[in-house]
Amino acid sequence: MNGDFLARHHDQLAAWLRDGKAESLSAFLGAHHESFVLVTTDGAVLDLETLRESLRSAGGSRPGLSIQVEEVTRITPEVYRFLERHIVDGSVVGVRVVTAVMEDGLLLSVQETARR
């Protein structure tokens, strides 16, 4: 994994949320390990199936959305930290510090922390 992987991965998520293109959702979810767990900014813990279900109905729900990945730091060969900016129509609407853990080239765990 590297910054390019992370940027593409978040581009796929933004494309799904912005445009509702099914291939974007498939590509995004395909990068997750079957044992994937997400800890959201509000502390909810979601497994892959729960994430999949929550995203299914969200396609096209965020017109104008883009997600920028910045300041990627490789902590170990399988652990990365980065800054994630959510932008709608040129305005930053959310910033998160994210820690991602990989296994076998797939995302195993992600923890998001909101930044004010």
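1. The model is predicted: local features need pLDDT of at least 70 and side-chain atom pairs count only at pLDDT 80 or more, while totals for chains, interfaces and linings use all residues. Residues are numbered from 1 along each chain as its sequence is written, and side-chain values use heavy atoms, with hydrogens and water left out.

2. Helix α1 spans residues 3-19 and helix α2 residues 22-30; they pack at an angle of about 145°, with their axes 8 Å apart. Helices (H or I, at least four residues) and strands (E, at least two) are DSSP runs numbered from the N terminus. Axes are lines fitted to C-alpha atoms, for helices over the stretch in contact, and angles run from 0 to 180 degrees between N-to-C directions.

3. Histidine 10 also belongs to helix α1. With a relative accessibility of 7%, histidine 10 counts as buried (under 20% relative accessible area; exposed is over 50% and partly exposed lies in between, with a 1.4 Å probe and protein chains only). Leaving aside residues up to four places away in sequence, histidine 10 touches Ile67, Val69, Phe82 and Glu84.

4. The largest pocket holds about 450 Å³ of space. On a 1 Å grid over the protein atoms alone, a pocket is an open set of points where a 1.4 Å probe fits, with protein on both sides within 12 Å along at least five of seven lines; lining residues have an atom within 4 Å of a point. Of its 25 lining residues, Leu13, Leu38, Leu51, Arg96 and Glu112 are the closest to the centre. Helix α1 gives the largest share of the lining, 5 residues. The lining divides into 15 nonpolar, 7 polar and 3 charged residues.

5. Glutamate 71, in strand β3 (residues 65-76), has a positive phi near 55° and is exposed at 56% relative accessibility. Aspartate 89, in the loop between β4 and β5, has a positive phi near 50° and is exposed at 65%.

Conventions. Grid points are joined across faces, edges and corners, and a volume is the space filled by probe spheres set on the points. Ala, Val, Leu, Ile, Met, Phe, Trp, Tyr, Cys and Pro count as nonpolar, Asp, Glu, Lys and Arg as charged, and the others, Gly among them, as polar. Contact means heavy atoms within 4.5 Å.
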